Amino acid sequence: MAKPATGTGGKPRLTMEEAMSIRISRFSGAFVAAMTARSSSTLAEIMAEIDEILRQACIMERLVFTKNVLKAKAAPKALIERLMADNFLVAMALTEAGYGIEDERLIELLDASDESFRIDVASRAGLSQAISDYLADIGSKEVIYRLAANRRSHLSRETLLDLATQARHDSRLERALATRPDRMLLPDGVLATHAPEKRVTAGLGKPAQRQGLTAEQKSRLPGSTKMVNYR
């Protein structure tokens, strides 16, 4: 009989389903505690536990957590901010439910975050001009690419012009900017426009030249086919 898999210390290793069930149970208890916390210090301890749970959870678990938070309709601000700084799908669910985060607070989170979070935020729809310009200022090339390609991010004219100047030596950035509806704010000639490349193959794209049939070829046509000359 096969023995159950064991982890470190000889303890039985949990299956994925068991681990998910434990995390959901832990989150449920921590969420109730956060809703009833009577002091900021108590809430801070609870948020530390919630943060640990979310770091271990997969995206589906995080979305379940978020759904439970939305049902409560009176979640602590600290929890909302933590979820807004999570995966973009989680943040989108909160945004669609009417939750938001102030630009000043989001900038603080961007300052303390890693590259993946900045890329995530740069891809979010409806970014304010303040956040978009800040990301353009501090972001890596990948962050800027995502920001430029995000047609629903709001960029100031100054930032847009700066990115267009950078795009003169960066074809990927230039292509991203060329799709933005606000590219019309740029002066003529600053951003080159690229027409789709046309592939020309010898003999293709030209109308076939019709050649008259010889008398011998006409004689080989089926009897049901008639060549009629109306001239």
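Trainee: Is the crossing of H3 and H5 left-handed or right-handed?
Mentor: In this predicted model, the crossing of H3 and H5 is right-handed. In general, two packed helices are described by the angle between their axes and the distance between the axes. Here, the axes of H3 (residues 59-72) and H5 (residues 88-96) come within 9 Å and cross at roughly 20°. That angle is under 35 degrees, so H3 counts as roughly parallel to H5.

Trainee: Which residues make the contact?
Mentor: H3 contributes Ile59, Arg62, Leu63, Thr66 and Leu70, while H5 contributes Leu89, Val90, Ala93 and Leu94. Sorted by type, the residues of this contact of H3 with H5 are seven nonpolar, one polar and one charged.

Trainee: And how should I read salt bridges?
Mentor: Side chains of opposite charge can pair when their charged atoms come close. A search of the whole structure finds 13 salt bridges. In one of them, glutamate 142 pairs with arginine 146, at 3.0 Å from N to O. Both lie in helix H9 (residues 141-149), four residues apart, about one turn of the helix.

Trainee: Are glutamate 142 and arginine 146 buried or partly exposed?
Mentor: Glutamate 142 is partly exposed at 22% relative accessible area, and arginine 146 is partly exposed at 35%. Elsewhere, salt bridges that share partners link Asp51, Arg55, Arg62, Arg82 and Asp86 into one network. Within it, arginine 82 and aspartate 86 have their closest N and O atoms 2.8 Å apart. Arginine 82 is buried, at 16% relative accessibility, and aspartate 86 is buried too, at 6%.

Terms used: Residues are numbered from 1 along each chain as its sequence is written. This is a predicted model: local features need pLDDT of at least 70, side-chain atom pairs count only at pLDDT 80 or more; totals for chains, interfaces and linings use all residues. Side-chain values use heavy atoms; hydrogens and water are left out. Axes are lines fitted to C-alpha atoms, for helices over the stretch in contact, and angles run from 0 to 180 degrees between N-to-C directions. Helices (H or I, at least four residues) and strands (E, at least two) are DSSP runs, numbered from the N terminus. Angles under 35 degrees count as roughly parallel, over 145 as roughly antiparallel, 65 to 115 as roughly perpendicular and the rest as oblique. A crossing is left-handed if the near helix is turned anticlockwise from the far one by less than a right angle, and right-handed if clockwise. Contact means heavy atoms within 4.5 Å. Ala, Val, Leu, Ile, Met, Phe, Trp, Tyr, Cys and Pro count as nonpolar, Asp, Glu, Lys and Arg as charged, and the others, Gly among them, as polar. A salt bridge is a side-chain nitrogen of Lys or Arg within 4 Å of a carboxyl oxygen of Asp or Glu. Buried means under 20% relative accessible area, exposed over 50%, partly exposed in between (1.4 Å probe, protein chains only).
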